[in-house]
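Try each task before reading its solution.

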Amino acid sequence: MAPGATTLTSLLLALMMIARCSAVFVAAQSPFAKVLKSVRLPGGYMEVVQEERCSHGVVRMTCRSLKAFVFVLEAEYLSNLTRICGYEAQRLVERKVTRSGGSMALRSVELRGNYIDDSYEEFGVVDFRKSLNRKCSGQKHCRYNFTAEQPGTGYWSPGTLRLKYACIPEAAVRRYCNEELKVVPGEGGYVHSPGYPLYYVGENTCGWTFRSDPGQRILLTFYDLNIRGPEADGSCVDVIRVREKGRTLLEFCGTEAGVKVISNSNLITLDLVASQRLYAARGFFLHYQVVGCPDISAPNGSFILNTTLTSRTFRCELGTVFPDSRERIRILECRNGKWNESVIAIPSCRATSAVILKTEHDHRRLSSLSGDNVLGTGVRIGRGEDAVATDSGHIMDSTQSTTMKQSDYVVDVVLPTVLIALLFVGNAIIVYIIFQYRKRKVPSMQQTEEMALRNPADVPQV
């Protein structure tokens with residue numbers, strides 16, 4: 001073979017290899033996949049991906065970074081959406097009605113108290129996060145076959161698989177025991193048990209403490225929870241336990257996905273209690289975040305009417321309003337762990353114009369009944385803070401109102417003070433005059449003694 005032909009053959013082989021690698025890459029980066037957002041975390045960027053595939057095909061979940069792994073957010077089978085598989089929904093109606101098993105006979109599980117299970121199974125909708133977690137959670141690349149991995153799907157109709165998963169950097173996830181984690185507003189943080197997803201450790205209690213600011217609550221979302229299941233008598237050998245102030249919020253063993261636990265205070269603890277040193281189960285992967293906003297007190301003259309996770313309502317006392325809005329009720333909204341306005345900036349409640357009008361009217365009425373008619377007395381009206389109305393009904397401006405207040409001050413304070421001072425001075429003068437008059441009438445002590453020593457002969461005869 002000629003050298004030119006050998007070179008051409010080698011070039012063709014190289015092009016074929018490049019084309020094959022490109023096809024594999026395109027298969028990994030599914031054309032149905034859509035990157036929803038990229039979130040910056042302390043250890044890098046987390047990508048959230050959503051895609052829709054036919055249930056009778058193979059799903060490929062791939063992280064572009066070799067230092068990231070998959071965790072499942074949502075996984076639903078939708079039997080009513082068949083167009084993506086090339087079927088028309090009308091062709092499958094009769095088959096769905098006549099079928100007695102499968103997705104048409106589903107049972108939902110409800111948890112109470114502080115448990116929140118956001119999985120749902122409706123007519124034609126199945127949440128298959130458990131089987132998807134068993135195959136793909138914690139992996140960097142994964143191939144998932146719905147009809148083979150999900151139990152009881154052998155006779156199910158072709159439908160749509162709607163997936164939503166994230167690729168999170170390993171450095172952004174806390175994986176060590178016995179830590180205290182500060183929960184701040186924002187995206188929160190992530191924790192997985194040591195050894196996830198290959199095994200979890202035991203023999204010693206592995207615990208975490210979550211703390212937020214006073215007034216805030218903490219939400220734990222277990223995206224994947226898989227530990228040793230219960231025994232034949234229903235007892236748990238290994239257990240996941242969430243506690244708050246001595247009260248147990250969650251105690252669980254087995255497998256679950258999407259369980260949420262919300263605290264009533266700003267401090268909770270999580271413990272993984274296992275009997276063996278290593279157990280061949282995934283353990284858990286969770287997300288922690290703040291729910292609600294820091295505790296705040298009511299502005300002056302108001303009280304807290306209602307409080308929820310997303311809002312707090314203040315109400316002024318009867319007859320008062322917030323001066324900037326002229327409303328008696330004010331609602332603060334909690335957004336991303338922060339109030340939409342500072343409570344310091346909220347003004348204190350003040351009396352309404354109607355209350356001032358009634359109060360001053362009653363004062364004038366009492367004055368008229370007692371015969372004390374004070375000149376210049378007026379009542380406030382709702383036109384402005386400084387507006388007053390006189391008896392003749394004319395509106396006076398702020399300058400006239402100030403003059404009226406000064407005249408009232410002279411009449412009510414200055415004149416009584418002057419009269420009292422004059423009374424004191426007049427009394428002092430009268431006492432002085434009386435003292436001088438009596439001093440003239442009373443003889444002195446020396447004159448009285450001289451008259452007593454004289455002889456009777458010296459006394460003139462009358």
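**Exercise 1: the surroundings of Arg-312**

Task: find what the side chain of Arg-312 reaches at 2.7 Å, and say whether Arg-312 counts as buried or exposed.

Before starting, note that this is a predicted model, where local features need pLDDT of at least 70, side-chain atom pairs count only at pLDDT 80 or more, and totals for chains, interfaces and linings use all residues. Residues are numbered from 1 along each chain as its sequence is written, and side-chain values use heavy atoms, with hydrogens and water left out.

Solution: 
- Step 1. The side chain of Arg-312 reaches the backbone oxygen of Ile-296 at 2.7 Å.
- Step 2. Turn to Thr-307: its side chain and that of Arg-312 make a polar contact at 3.3 Å (N or O atoms within 3.5 Å, one able to donate a hydrogen and the other to accept it; residues adjacent in sequence count only if both atoms are side-chain atoms).
- Step 3. Arg-312 counts as buried because its relative accessibility is 9% (buried is under 20% relative accessible area, exposed over 50%, partly exposed in between, with a 1.4 Å probe and protein chains only).

**Exercise 2: the lining residues**

Task: how do the residues lining the largest pocket divide into nonpolar, polar and charged?

Solution: 
- Step 1. The lining of the largest pocket holds 12 nonpolar, 4 polar and 9 charged residues (Ala, Val, Leu, Ile, Met, Phe, Trp, Tyr, Cys and Pro are nonpolar; Asp, Glu, Lys and Arg charged; the others, Gly among them, polar).
- Step 2. Strand E4 gives the most to this lining, with 5 residues (strands are DSSP runs of at least two residues, numbered from the N terminus).
- Step 3. For comparison, Arg-312 is found in strand E23, residues 311-316.

Terms used: Helix = DSSP H or I, 4+ residues; strand = E, 2+ residues; numbered from the N terminus.
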